[in-house]
Amino acid sequence: MARVLVVDDEPGIRTAMARGLTSEGMEVVARGDGDSALEAALTGSFDAIVLDIILPGLSGYRVLEQLRSAGVDTPVLLVSAKDGEWDQADGLDLGADGYLVKPFAFVVLVAQLKAILRRRDAALGRVGQRVRLGSLVVDPVARAVSWDGEPVELSPREFALLHALASRPDTAVAKDDLLRIVWGDEGAASRNVVEVYVGYLRRKLDAVGAGQVLRTVRGFGYLVSSS
């Protein structure tokens, strides 16, 4: 399931895009201004970003510029009513992966977004990119975790569990979903095994002073906090 950040200051457009992309099987997080969009995007926890250019606070151009300066290479599809060739060239020069002029058909948005995701998947081998949440860094390529620059030694299953949660910061993930993501099949293990491994993971995070990032959502599952 691709995780997509949708950024648009018009509530109707933002809601419509979020609903449409959700119906396409994507996990969508929506933001309406440049500052909150940048904060979310800097985590590196998204597979793609749909980014309007004209926004309250930071413009889409500035959000994109700061993302690339920070080393976050999440694919960005710019959307804007600006249809000039210079506008499109400016966006692409800043590191955008595509540019879509408003108004556009939803099927075109989906097609462009899926093409960007396919290119991203091919480049990464579908391993995923580094997630940075404050002092916590989860690197799926190196299969390494660090807190304040110090390594955190995890077993492969503990790493997969932390990565599944950190890739969805501030989002409660159900135990059944964690079973499917980490163990590959909801029927392959019981919910109890999730609780056991969360306990293992929490003790190792506590040992380096990072215990507060992993939280229990009672009666549902767990989340990793970005703050």
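**Figure 1. Ala 48, with 0% relative accessibility, counts as buried.** Buried residues have under 20% relative accessible area, exposed ones over 50%, and partly exposed ones fall in between (1.4 Å probe, protein chains only). This is a predicted model, in which local features need pLDDT of at least 70 and side-chain atom pairs count only at pLDDT 80 or more, while totals for chains, interfaces and linings use all residues. Residues are numbered from 1 along each chain as its sequence is written, and side-chain values use heavy atoms, with hydrogens and water left out. Find Ala 48 in strand 3, which covers residues 48-52. Helices (H or I, at least four residues) and strands (E, at least two) are DSSP runs, numbered from the N terminus. Setting aside residues up to four places away in sequence, Ala 48 touches Arg 3, Val 4, Leu 5, Thr 74, Pro 75, Leu 113 and Leu 117; a contact means heavy atoms within 4.5 Å. Ile 116 is 68 residues from Ala 48 in sequence, yet their C-alpha atoms are 7.8 Å apart in space.

**Figure 2. Here is Thr 74, a buried residue in a loop.** The loop runs between helix 3 (60-69) and strand 4 (76-80). Thr 74 counts as buried because its relative accessibility is 0%. Residues up to four places away in sequence are again left out, and the partners that Thr 74 touches are then Gly 44, Phe 46, Asp 47, Ala 48, Ile 49, Arg 68, Asp 97 and Gln 129.

**Figure 3. Helix 2 is a mostly covered helix.** Of its eight residues, six are buried. Look for them at Gly 34, Ser 36, Ala 37, Leu 38, Ala 40 and Ala 41. The cover over these buried residues includes strand 1 (3-7), strand 2, strand 3 and helix 3.

**Figure 4. Helix 6 is largely enclosed by the rest of the structure.** This helix spans residues 156-166, and eight of its eleven residues are buried, which is why it counts as largely enclosed. The buried ones are Glu 158, Phe 159, Leu 161, Leu 162, His 163, Ala 164, Leu 165 and Ala 166.

**Figure 5. The largest nonpolar core brings together 29 residues.** A nonpolar core is a set of buried Ala, Val, Leu, Ile, Met, Phe, Trp, Tyr and Cys residues joined through side-chain atoms within 4.5 Å. Val 138, Val 145, Leu 165, Leu 178, Val 194, Leu 214 and Val 224 have the most contacts inside this core. Two or more residues come from each of strand 6 (131-133), strand 7 (136-139), strand 8 (144-147), helix 6, helix 7 (175-183), helix 8 (191-207) and strand 12 (221-224). Helix 6 gives the most, with six residues. A separate core has 21 residues, among them Val 29, Ala 40, Phe 46 and Leu 64.

**Figure 6. Zoom in on Val 138 and its contacts.** Beyond its neighbours within four places in sequence, Val 138 is in contact with Gln 129, Arg 130, Val 131, Ala 144, Val 145, Phe 159, Leu 162, His 163 and Ala 166.

**Figure 7. Pro 140 sits in the loop between strand 7 and strand 8.** With a relative accessibility of 6%, Pro 140 counts as buried. Its C-alpha atom is separated by 8.6 Å from that of Phe 159, 19 residues away along the chain.

**Figure 8. Tyr 197 and Tyr 200 form an edge-to-face aromatic pair.** Rings of Phe, Tyr and Trp (its six-membered ring) pair if their centres lie within 6.5 Å, and planes under 30 degrees apart count as stacked, over 60 as edge-to-face and the rest as tilted. The count by this rule is one aromatic pair. The two rings are 5.2 Å apart, centre to centre, with 75° between their planes. About one helical turn separates Tyr 197 and Tyr 200, because they are three residues apart in helix 8. Tyr 197 is partly exposed at 21% relative accessible area, and Tyr 200 is partly exposed at 35%.

**Figure 9. Asp 148 and Asp 170 have positive phi angles.** Neither is a glycine; phi is about 55° at Asp 148 and about 65° at Asp 170. Asp 148 lies in the loop between strand 8 and strand 9 (150-151) and is exposed, with 55% relative accessible area. Asp 170 lies in the loop between helix 6 and strand 10 (173-174) and is partly exposed, at 43%.

**Figure 10. A cis peptide bond joins Lys 102 and Pro 103.** Its omega angle is about -10°. You will find Pro 103 in the loop between strand 5 (98-101) and helix 5 (106-124).
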